[in-house]
Amino acid sequence: MSDSLNNKELVAVGHQFAKAISSDTAIMDMAKMFTRLAERLDCTTAALREMTKQRDALAAMQHQGIRKALDECYEYLDRDCIMESNGISYEDAAQREVGAMTLHDALLRMGAGQ
């Protein structure tokens, strides 16, 4: 069997081999196929574990970035700041403050849930 088979090809060969196994099949041929499949499964499992670690690390970095960005803009959620920066009344600023705080908190919760 060739070492150049990709996982999909190896699986196909394994299925074909399993269908062809009979009492005449040499035990060494079976052992070679099972060893080959087990080695590829080990490699695939290791790659999947590494990919999962990388995905989790990227998700944590993303969450930290979102939290940092939200923390840095928190001062702009102040009613007086909203009123002054937009030239609006105190009442309008109060309404925008409530909406902005709701959005801010929802984004933090979404980030925490990931």
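Three salt bridges are counted in this predicted model, a salt bridge being a side-chain nitrogen of Lys or Arg within 4 Å of a carboxyl oxygen of Asp or Glu. The model is subject to confidence limits: local features need pLDDT of at least 70, side-chain atom pairs count only at pLDDT 80 or more, and totals for chains, interfaces and linings use all residues. Residues are numbered from 1 along each chain as its sequence is written, and side-chain values use heavy atoms, with hydrogens and water left out.

**Salt bridges**

- Glutamate 97 and arginine 79 form a salt bridge in which the closest N and O atoms are 2.6 Å apart. This pair links distant parts of the chain, since glutamate 97 belongs to helix H4 (residues 90-113) and arginine 79 to helix H3 (residues 79-86), 18 residues apart.
- Glutamate 97 counts as buried at 17% relative accessibility, while arginine 79 is partly exposed at 25%. Here buried means under 20% relative accessible area, exposed over 50%, and partly exposed in between (1.4 Å probe, protein chains only).
- Lysine 68 pairs with glutamate 72, with 3.1 Å between the closest N and O atoms. The two residues are four residues apart in helix H2 (residues 27-72), and are therefore separated by about one helical turn. Lysine 68 is exposed, its relative accessible area being 52%.
- Arginine 55 and aspartate 56 meet through their side chains in a salt bridge with an N to O distance of 2.7 Å. Arginine 55 is exposed, with a relative accessible area of 52%, whereas aspartate 56 is partly exposed at 40%.

**Charge**

- The protein carries 13 positive and 18 negative side chains; Lys and Arg count as positive and Asp and Glu as negative, while His and the chain ends are not counted.
- The centres of the two sets lie 10 Å apart, with the place of a charge taken as NZ of Lys, CZ of Arg, CG of Asp or CD of Glu.

**Architecture and dimensions**

- The protein has four helices and zero strands, and its elements run α-α-α-α from the N terminus on. Helices (H or I, at least four residues) and strands (E, at least two) are DSSP runs, numbered from the N terminus.
- The radius of gyration is 29 Å, well over the 13 Å that the globule rule gives for 114 residues, so the protein is more spread out than a compact globule. The radius is taken over C-alpha atoms, and the globule rule is 2.2 Å times the number of residues to the power 0.38.
- The C-alpha trace spans about 90 × 20 × 20 Å along its principal axes.

**Burial and surface**

- Of the 114 residues, 17% count as buried.
- The accessible surface comes to about 8,700 Å², and 59% of it belongs to carbon and sulfur atoms. Accessible areas come from the Shrake-Rupley method with a 1.4 Å probe; for residues, only the protein chains shown count as cover.

**Contacts across the sequence**

- Among contacts with a separation of 6 or more, 44% are between residues 24 or more positions apart, contact meaning heavy atoms within 4.5 Å.
- Isoleucine 66, in helix H2, is partly exposed at 31% relative accessible area. Its C-alpha atom is separated by 7.7 Å from that of leucine 108, 42 residues apart along the chain.
- Aspartate 105 lies in helix H4 and is partly exposed at 32%. Aspartate 105 and leucine 70 are 35 residues apart in sequence and 9.2 Å apart in space, C-alpha to C-alpha.
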